[in-house]
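Hi,

Here is the structure I said I would pass on.

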Amino acid sequence: MVQLAINGRRVSAGKGEMLLKVAQREGFVIPTLCYHELLGSAGRCRLCVVEVHDAGKKRVVASCLYPVKEGLEVFTDSDEVKLVRRTVLELLLARNPSAELIQHLARQHGINEARYVPDQDKGKCILCNLCVRCCKEIVGVSALGLSGKGPVKKVGPPFDEPSETCIGCGACVVICPTGHIVMEESKGVRTIWKKKFALAMCPTCKRYHLPIFQLEWISKTRNIPMEELMVCEDCR
Amino acid sequence: MPLSLEQLDAVGLKFKEKERAFEKIIRVCCGTGCITSGANRLLESLRSAVEREGLSSRILVKKTGCHGLCERGPIVTLGKDEILYQTVGKRDLDRDVELLLKTATEGKIADLLLLKAPGKKEKFVSPLEIPFYKGQKRVVLEMNGVINPEEIDDYIAHGGYRAPFKAFQMTQEKIIDCISASGLRGRGGGGFPTGRKWHSAYEADGQMKYLLANGDEGDPGAFMDRSLMEGNPHAIIEGMIIGGYAIGSNKGYIYVRDEYPLAVSRLSRAIEQAQNYGILGRNVFGSDFEFDVEIFRGGGAFVCGESTALMSSVEGRAGEPRDKYVHTVEQGLWAKPTNLNNVETWANVPSIINEGLEWYTSIGTKQSKGTKIFSLVGKVNNTGLIEVPMGITLRQIIFDLGGGIRGRRRFKAVQTGGPSGGCIPEQYLDMPVDFDSLASIGSMMGSGGMIVMDERDCMVDVARYFLQFLMEESCGKCTPCREGTRRMYEILDRICKGEGKIEDLMHLEELGRGLQWGAICGLGQTAPNPVLSTIRYFSDEYKAHIIEGRCPAGVCKDITTFTIMEDKCTGCMRCAAECPVGAVVGERKAPQTINDMLCITCGICYDVCPFDAVKIS
């Protein structure tokens with residue numbers, strides 16, 4: 001166990017624990033965007049920053065990645081922390097003017113409008129990379145990736161073409177914090193990332209449920225007969 | 001079989017004797033700069049001329065690495081610091097080859113090829129007389145321009161590869177202590193104490209440890225690392241052997257950007273030669289220490305010069321940095337303890353071991369020891385590569401070595417530290433150049449880029465230029481850097497177009513601080529430097545753009561017009577002759593006028609007018 005202080009309050013934490021987890025457990029409010037319970041974080045959004053004083057040195061760090069240390073002093077609401085959070089939120093509000101979550105967080109931090117010309121072409125994507133990691137690390141198909149660098153960096157399947165490996169599971173839609181990824185279903189066809197998937201019809205209730213492609217993939221990787229999978233979850 | 005110290009000495013001696021058999025050695029600089037000016041062609045012609053004249057046994061034509069005075073290339077030297085010829089073969093190859101042979105055989109100095117002092121009649125014969133070289137202290141670059149970088153024997157003949165023998169007599173801790181006591185700090189820009197880094201890497205747990213040499217030089221206009229890798233590749237390898245032994249690593253990578261094909265080829269050759277001599281491999285110099293070096297060619301992203309992005313790139317992933325809350329000396333390449341130093345840092349190591357602490361610590365200032373290589377570019381008379389002792393003043397560099405500002409203009413600012421360095425105004429010219437002084441005035445040492453600017457450089461435009469570079473080179477991982485550099489660029493672009501608002505200045509400063517505190521890596525954290533330092537020292541220029549809608553330097557096209565003052569114009573027609581679009585009209589010996597409809601505001605008329613009759617408004 002290590003002892004540290006958050007906003008002046010003494011707190012103990014397990015060795016190797018990340019500051020964000022410890023602070024949240026102790027009831028301190030730290031906003032996050034790119035952090036996810038299942039995937040941890042890569043410190044992309046920089047919203048969860050806190051100020052730490054470690055051996056006399058003041059730093060602003062991403063709390064999701066900063067391991068606790070004995071004697072650390074943490075401030076979750078200092079001027080520098082507020083500056084970085086407001087900077088990040090104003091920049092994101094300009095990038096993703098239609099993203100409700102960003103609007104909400106920005107308002108919470110006193111930003112009603114960004115001082116920049118809003119982008120029209122970025123949708124709601126904040127480049128948190130969660131969809132990419134979810135597709136790779138949880139689903140296991142790696143259909144998505146980041147491409148380009150700097151202002152033109154974007155997320156999607158390779159070359160923006162319908163991906164050969166995508167199974168249409170929609171996990172990326174679920175994990176996306178801002179609702180950028182669009183998945184549509186109509187007349188037994190699911191469309192996601194420009195790729196169309198025929199949906200399986202449950203032989204019992206005659207309703208469409210999951211993409212046949214996804215069921216085949218599950219059947220192959222988990223060794224479950226297709227006939228079993230064709231029955232929807234409600235009817236199984 | 002690995003070489004013993006005696007065998008090494010014998011190799012060196014044999015090489016020296018071979019060279020001593022010649023009456024004269026003509027050294028042709030074959031660095032990238034001189035090659036683009038025709039050095040390869042010159043080398044070939046010279047060699048065949050020597051053969052044709054039957055002088056092969058008397059004259060040795062040798063290729064060397066960069067001499068630094070790239071602007072005057074191809075550079076040729078004769079003897080040891082006897083004669084330096086410049087722009088050889090550039091205008092008349094056959095004539096110059098003949099002149100060279102005459103010098104070599106008859107000792108007749110070719111006046112035509114000597115370097116002239118700017119604006120003076122005086123000509124220099126020996127490189128030691130040339131102010132550009134006089135103020136330098138060459139430690140790392142000492143062998144550049146002397147040895148043939150493609151011949152390991154030449155390096156050995158000049159004392160190369162002796163340091164590992166000395167190091168192997170010492171304990172690992174002793175070597176690290178020695179590097180710590182030398183005060184050597186990271187030459188890649190950070191200035192982190194090298195000894196302390198080595199110590200952490202040495203202490204780190206793990207069987208497998210890696211060494212990295214960072215040669216991913218990406219600053220626009222900088223070529224320090226390139227010239228070192230091309231001109232003296234063995235010094236880097238020798239430094240790495242000592243580092244590997246001290247830290248306990250058996251594997252090193254040299255990360256070279258692929259845009260440096262000559263550096264890649266010379267380093268590859270050097271590694272191969274070292275392997276053949278048993279200097280690299282299973283038993284380095286017959287000891288039980290195993291060490292090998294491999295080259296990794298970088299794909300060209302600027303951010304890959306950042307240590308964690310570089311490691312990511314070596315691992316085969318996209319060059320994105322990560323937070324270094326767990327240091328790379330503990331978890332670096334493939335999550336193993338990794339010690340990364342810049343190639344220039346590595347090349348400092350052999351001389352520290354060879355020459356000793358007393359000698360090394362006598363060079364430089366209290367906090368910054370040794371020398372630093374800079375690439376001096378911009379509006380100075382002598383542009384090129386210089387190695388100077390730490391603590392030299394900016395004024396000495398710019399006005400003594402650099403020969404002052406070109407033409408009749410005045411110095412305005414010097415930008416140090418690469419694209420994310422700061423612009424330093426005239427009032428700080430007498431400041432010593434070292435890590436801490438530069439940081440204290442909002443700039444940095446960086447890897448050693450130094451761009452000199454004069455009155456015709458607009459500081460807002462300069463900030464915009466660097467922000468555009470940084471915006472494009474941002475990896476895009478973290479929000480502050482990806483979005484912040486882009487928005488800073490947008491604001492600066494607006495100011496340059498005369499559409500700025502006074503509150504933009506506060507906004508830029510606020511956004512800049514947001515990046516400094518919030519970005520993941522050095523690129524984003526230092527990206528605001530060019531903006532913040534120009535606002536700090538040149539706020540008048542910003543205000544002129546925003547409030548008065550004019551660019552005092554006459555650079556920002558949208559808010560600049562050039563007019564000719566009737567009372568000053570003599571009608572010499574110089575501007576009319578130079579104007580690329582024929583916008584200057586008028587009779588000879590009568591005042592000229594500029595046709596605004598045609599004018600593209602390039603400012604050539606302003607620059608060439610001998611009577612200062614062109615006005616910026």
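To start with one residue: does B:Ala235 count as buried or exposed? Keep in mind that this is a predicted model. B:Ala235 has 32 C-beta neighbours inside 10 Å, and 20 or more make a residue buried, so B:Ala235 counts as buried. Its place is in helix α11 of chain B, which covers residues 233-247. Leaving aside residues up to four places away in sequence, B:Ala235 touches B:Val140, B:Met143, B:Ala347 and B:Pro350.

Now chain B as a whole. It contains 25 helices and 19 strands. The C-alpha trace of chain B spans about 80 × 65 × 40 Å along its principal axes. A compact globule of 617 residues would have a radius of gyration near 25 Å, and chain B has 26 Å, so the two agree. Of those 617 residues, 56% count as buried. As for contacts in chain B between residues at least 6 apart in sequence, 71% of them join residues at least 24 apart.

In general, nonpolar side chains tend to be buried together in soluble globular proteins. The largest nonpolar core here has 176 residues, and the members that touch the most others are B:Val28, B:Ile236 and B:Leu492. A second, separate core of 62 residues includes A:Leu47, A:Cys48, A:Leu65 and A:Ile102. Going back to B:Leu492, its contacts beyond four places in sequence are B:Val460, B:Ala463, B:Arg464, B:Leu467 and B:Val531.

B:Val531 brings us to helix α22 of chain B, where it is one of the buried residues. This helix (residues 529-537) is mostly covered, with eight of its nine residues buried. Besides B:Val531, the buried residues of α22(B) are B:Asn529, B:Pro530, B:Leu532, B:Ser533, B:Thr534, B:Ile535 and B:Tyr537. What do they pack against? Their partners in chain B are strand β14 (423-425) and the helices α18 (459-473), α19 (479-496), α20 (503-518), α21 (522-526) and α23 (539-548).

Over to chain A, which has two sheets I looked at.

One is an open sheet of five strands with mixed pairing, in the order β2-β1-β5-β3-β4. At its edges stand β2 (9-13) and β4 (57-62) of chain A; each has a single partner strand, so one side of each is left without a neighbour in the sheet. From one strand to the next, the twist averages 30°. Helix α2 (residues 79-95) of chain A packs on this sheet and touches β3 (49-54), β4 and β5, and its direction makes about 150° with that of β3(A). Within the sheet, β1 (residues 2-6) and β5 (residues 73-75) of chain A run parallel and are joined by two bridges, and A:Ala5 has A:Glu73 as its bridge partner in β5(A). By contrast, β3(A) and β4(A) pair in the antiparallel sense over six bridges, with A:Val50 partnered by A:Val61 in β4(A). These two strands form a hairpin with two residues between them, and A:Ala55 in the turn has a positive phi of about 50°.

The other is an open sheet of four strands, β8-β9-β10-β11 of chain A, with antiparallel pairing. Its edge strands are β8 (183-186) and β11 (208-211), each pairing on one side only. The twist here averages 35° from one strand to the next. Helix α6 (residues 212-222) of chain A packs on this sheet, touching β10 (195-201) and β11, and its direction makes about 60° with that of β11(A). Four bridges join β8(A) to β9(A) (residues 189-192), and A:Ser186 has A:Val189 as its bridge partner in β9(A).

Last, the interface. How many residues of each chain are in contact with the other? There are 27 from chain A and 27 from chain B. On the chain A side, β4 and α2 each supply at least two residues, and the largest share, eight residues, comes from α2(A). Sorted by class, the side of chain A that touches chain B has 17 nonpolar, three polar and seven charged residues.

Cheers

Notes. Residues numbered from 1 in each chain as written. Chains lettered and ligands numbered in written order. Predicted model: local features only at pLDDT ≥ 70, side-chain atom pairs only at ≥ 80, totals over all residues. Pairing = 2+ DSSP bridges. Axes fitted to C-alpha atoms, helices over the stretch in contact; angles between N-to-C directions. Contact = placed C-beta atoms within 7 Å. Buried ≥ 20, exposed ≤ 12 C-beta atoms within 10 Å, placed from the backbone. Core = buried A, V, L, I, M, F, W, Y, C linked by C-beta atoms within 7 Å. Nonpolar A, V, L, I, M, F, W, Y, C, P; charged D, E, K, R; others polar. Rg over C-alpha atoms; globule rule 2.2 N^0.38 Å.
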